[in-house]
Amino acid sequence: MRILAVSGSLRAGSHNTSLLEAAVEAAPEGVEVALWEGLGDLPIYDQDLEGTDLPDAVRRLREDWASADALLFATPEYNGSVPGGLKNAVDWASRPRLEAPLTNRTVAVIGASPGQFGARWAQADLRKILGIAGARVVGDELPVTRAHEKFDVNGRLLDVELSERLRLVLETLALEAAPAAAAVAA
Ligand SMILES: Cc1cc2nc3c(=O)[nH]c(=O)nc-3n(C[C@H](O)[C@H](O)[C@H](O)COP(=O)(O)O)c2cc1C
């Protein structure tokens with residue numbers, strides 16, 4: 001079971017990227033989590049670029065997301081919602097409509113912010129957007145509050161309970177994605 005982890009932040013010291021790095025460590029047996037790093041390379045969605053002139057970065061996005069058994073998103077919250085770059089990636093991955101990488105793809109959403117709410121609004125919006133784009137959104141939100149206190153200076157997770165919650169998120173995601181993964185393997 002291969003899960004691709006997508007951070008909505010491009011920032012070098014991103015708490016959301018650190019959260020996904022912690023997910024790599026917390027993965028249960030039989031589950032491999034790999035970070036996807038193409039977000040910052042994507043052009044702004046433009047329907048005129050669909051077709052033969054599809055940009056390389058978009059081609060990579062579609063191949064990478066389509067070949068994963070499941071996707072785990074960690075989103076920051078910008079002005080009460082999903083960062084524009086992450087929404088842009090979802091828009092690219094929602095096309096072409098009948099063979100889009102997000103169609104029936106099993107996904108889960110987590111998120112971190114330094115405040116008291118743990119990017120709850122962004123997670124709710126991302127779940128909505130992913131669902132409309134055709135993905136199967138599974139599991140609950142995981143709002144990581146006061147994120148700046150949860151990691152050391154090297155971005156390593158300090159909170160054992162949070163590591164356990166990450167493991168549970170991955171277990172649910174892997175369980176939900178297993179039938180589709182088995183069908184592809186057959
Ligand atoms: C443009 C912008 C808007 C923001 N808006 C919110 C917000 O609405 N709610 C919130 O909790 N944090 C907000 N923040 C703070 C982010 O949660 C914080 O910068 C966080 O660390 C970003 O995630 P990252 O560490 O993964 O980069 C905002 C930050 C920026 C740069």
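Hi everyone, let's start at the ligand: one of its oxygen atoms lies 2.8 Å from a polar side-chain atom of N16. That is a polar contact, a pair of N or O atoms within 3.5 Å; within protein, one must be able to donate a hydrogen and the other to accept it, and residues adjacent in sequence count only if both atoms are side-chain atoms. The protein covers 66% of the 620 Å² of accessible area that the ligand has on its own, using the Shrake-Rupley method with a 1.4 Å probe.

A word on the model: it is predicted, so local features need pLDDT of at least 70 and side-chain atom pairs count only at pLDDT 80 or more, while totals for chains, interfaces and linings use all residues. Residues are numbered from 1 along each chain as its sequence is written, and side-chain values use heavy atoms, with hydrogens and water left out.

Is N16 buried or exposed? N16 is buried, at a relative accessible area of 3%, where buried means under 20%, exposed over 50%, and partly exposed in between (1.4 Å probe, protein chains only). A polar atom of the N16 side chain also lies 2.9 Å from the backbone nitrogen of A112.

Helix α1 also holds S18, which counts as buried with 8% relative accessibility. Leaving out residues up to four places away in sequence, S18 touches F151 and G155, where contact means heavy atoms within 4.5 Å.

Now the cores. A nonpolar core is a set of buried Ala, Val, Leu, Ile, Met, Phe, Trp, Tyr and Cys residues joined through side-chain atoms within 4.5 Å. The largest has 28 residues, and W65, F73, L102 and L130 touch the most other members. Helix α3 (84-93) and strand β3 (70-75) are among the elements that each supply at least two residues, and α3 gives the largest share, 5 residues. A second, separate core has 27 residues, including A5 and L170.

Note on methods. Helices (H or I, at least four residues) and strands (E, at least two) are DSSP runs, numbered from the N terminus.
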